[in-house]
Amino acid sequence: MKSLSEEYTKLCESYYGLPLTTELKFNTELVSTVISQLHCGKAPDIDGITAEHLSYSHPSLPVVLSKFFDAILISQYIPTGFRHSYIVPIPKPKDSRSKAMTCDDFRGIAISPVLAKVFENCFLVCFKSMLTSADNQFGFKKGIGCNHAINTVRNIVNSITTGGNTANLCAIDLTKAFDKVNHHALFMKLMKRRIPVKLLGLLESLVSYCCSCVKWENTWSELFMINFGVRQGSVLSPLMFALYVDDLANLFKLDRECYIILYADDILLIAHSVTKLESMLHTCEQELECVDMSINFKKSCCLRIGSRYNKSCAIITSRAGCAIEWVQEMRYLGVYMTNFCSFRCSLDHAKRSFYRAANGIFGKIGRIASEEVTLQLIKSKCVPVLLYGLEVCSLTKSQISSLDFVINRFFMKLFCTNNIEIIKICQDHFCFKLPSVLLSERMKKFEGNTDRVS
């Protein structure tokens with residue numbers, strides 16, 4: 001948007017920012033620590049460099065890099081190579097082999113330079129306190145994950161429904177959220193926090209004038225400029241996106257009847273009434289329009305939980321007149337919430353995903369590999385799919401029993417028996433815990449982590 005560009009240029013003329021309280025310098029120890037924490041086994045960057053090259057290099061490398069990074073800080077200029085990446089397209093649809101593919105059927109995975117990641121990690125260690133976001137933004141925070149966001153939603157819904165009221169939820173989907181970030185709007189959000197001028201110039205250099213290309217097998221496209229969005233694979237990009245929507249997270253901070261929960265670009269609105277929910281939606285629309293972001297109303301939906309969950313109500317419409325559908329089941333952060341008199345999650349999708357993954361493994365190696373190998377793959381690859389996020393969903397006894405049945409059925413298939421006693425003996429022999437036991441352990445662990453975080 002031209003107006004945002006003009007506004008940013010005007011603000012820059014009189015912007016000073018806060019003074020730096022942290023020394024603008026990276027030492028060798030910090031660089032060495034960051035290199036040792038890099039994840040190995042990842043794809044090489046556009047220059048063919050991997051984390052292994054740095055991890056197994058000469059001990060003098062951290063010394064050289066620390067001086068190099070100091071020069072970047074002083075000059076406030078990011079080298080051109082740090083802003084080069086390449087994109088690998090990954091098919092999105094599950095039936096990709098049976099249908100004609102279009103560009104919209106691919107998800108681009110960007111591979112960023114390894115040295116840029118080291119620099120950004122060092123920057124994050126020193127200046128993380130300047131990039132904090134609201135408490136109801138659960139994304140990209142150490143020790144906090146999707147289960148904390150889902151648990152918060154459950155607690156809010158329970159507090160509303162306990163008094164006999166009905167909780168009205170609206171899941172908002174942003175159109176190409178990370179890829180559509182307006183740079184000028186992002187810089188103004190940073191200026192609003194009075195970020196020091198030197199750091200603002202550095203972040204501006206990091207985000208602007210990025211180049212990328214597409215890699216398809218052994219073929220590379222020409223480089224093209226990326227003039228908007230935050231870079232995939234960048235360490236700082238998630239935090240900058242959280243700052244980008246931080247004003248949205250604080251919109252209803254003082255309203256006791258309105259709640260907004262964010263996990264990166266996954267936004268959930270909760271209100272006591274349908275009228276209030278629609279008002280919240282319109283307020284969010286206005287805030288998003290100010291930062292050149294739009295809502296995908298086709299993928300957004302609404303859900304009711306409480307005593308009047310099955311009563312028909314007015315259709316929620318946007319400021320432009322787009323209607324948002326009321327649904328019986330809503331997916332939020334991988335968990336499917338259902339309209340009911342109390343907070344309840346559907347397990348059907350989790351079970352189907354487990355069967356799909358387990359049958360895929362069994363079909364490939366079920367009659368070749370030993371039972372021990374097969375069960376280890378099921379334990380590491382399929383059980384997490386079945387139990388994802390369920391430790392905070394307060395399942396009923398019948399739901400937990402149905403999860404145990406899923407595992408028992410697979411054991412019956414693997415060992416060719418319907419005798420439950422034999423199945424229990426096999427489970428004990430291979431130390432294979434049932435979902436009921438695993439969920440109990442996860443719940444205790446989550447409660448302990450929640451106490452430490454709070």
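Tutor: Two strands are taken to pair when DSSP finds at least two bridges between them. Strands (E, at least two residues) and helices (H or I, at least four residues) are DSSP runs, numbered from the N terminus. The model is predicted: local features need pLDDT of at least 70 and side-chain atom pairs count only at pLDDT 80 or more, while totals for chains, interfaces and linings use all residues. Residues are numbered from 1 along each chain as its sequence is written, and side-chain values use heavy atoms, with hydrogens and water left out.

Student: In the antiparallel pairing of strand 3 and strand 8, which residue of strand 8 stands opposite Ala-171?

Tutor: Strand 3 covers residues 166-173 and strand 8 covers residues 266-271. The two pair in the antiparallel sense over six bridges.

Student: Which strands are the edge strands of the open sheet of six strands?

Tutor: The order in this open sheet is 7-8-3-9-11-10, and its pairing is mixed. An edge strand here pairs on one side only. That description applies to strand 7 (258-263) and strand 10 (316-317).

Student: Which residue is the bridge partner of Ile-87 in strand 2?

Tutor: Strand 1 (residues 84-91) pairs with strand 4 (residues 210-216) in the parallel sense over four bridges, and there His-84 stands opposite Cys-211. With strand 2 (residues 106-111), strand 1 pairs in the antiparallel sense over six bridges. In strand 2, the partner of Ile-87 is Ala-110.

Student: What is the relative accessible area of Leu-277?

Tutor: Leu-277 is found in helix 11 (residues 274-290). Leaving aside residues up to four places away in sequence, Leu-277 touches (heavy atoms within 4.5 Å) several residues, among them Leu-169, Ile-270 and Trp-326. Leu-277 is buried (under 20% relative accessible area, with exposed over 50% and partly exposed in between, for a 1.4 Å probe and protein chains only), its own value being 0%.

Student: How far apart are the C-alpha atoms of Leu-277 and Cys-258?

Tutor: Along the chain, Leu-277 and Cys-258 are 19 residues apart. Their C-alpha atoms are separated by 7.8 Å.

Student: Which helices are included in what covers the buried residues of helix 9?

Tutor: Helix 9 spans residues 237-244 and is mostly covered, with eight of its eight residues buried. Ser-237, Phe-241 and Tyr-244 are among them. The cover includes helix 5 (114-127), helix 7 (183-192), helix 8 (197-207) and helix 10 (246-249).

Student: What percentage of the contacts with a separation of 6 or more is accounted for by residues 24 or more positions apart?

Tutor: Of the 454 residues, 45% count as buried. Among contacts with a separation of 6 or more, the share from residues 24 or more positions apart is 73%.
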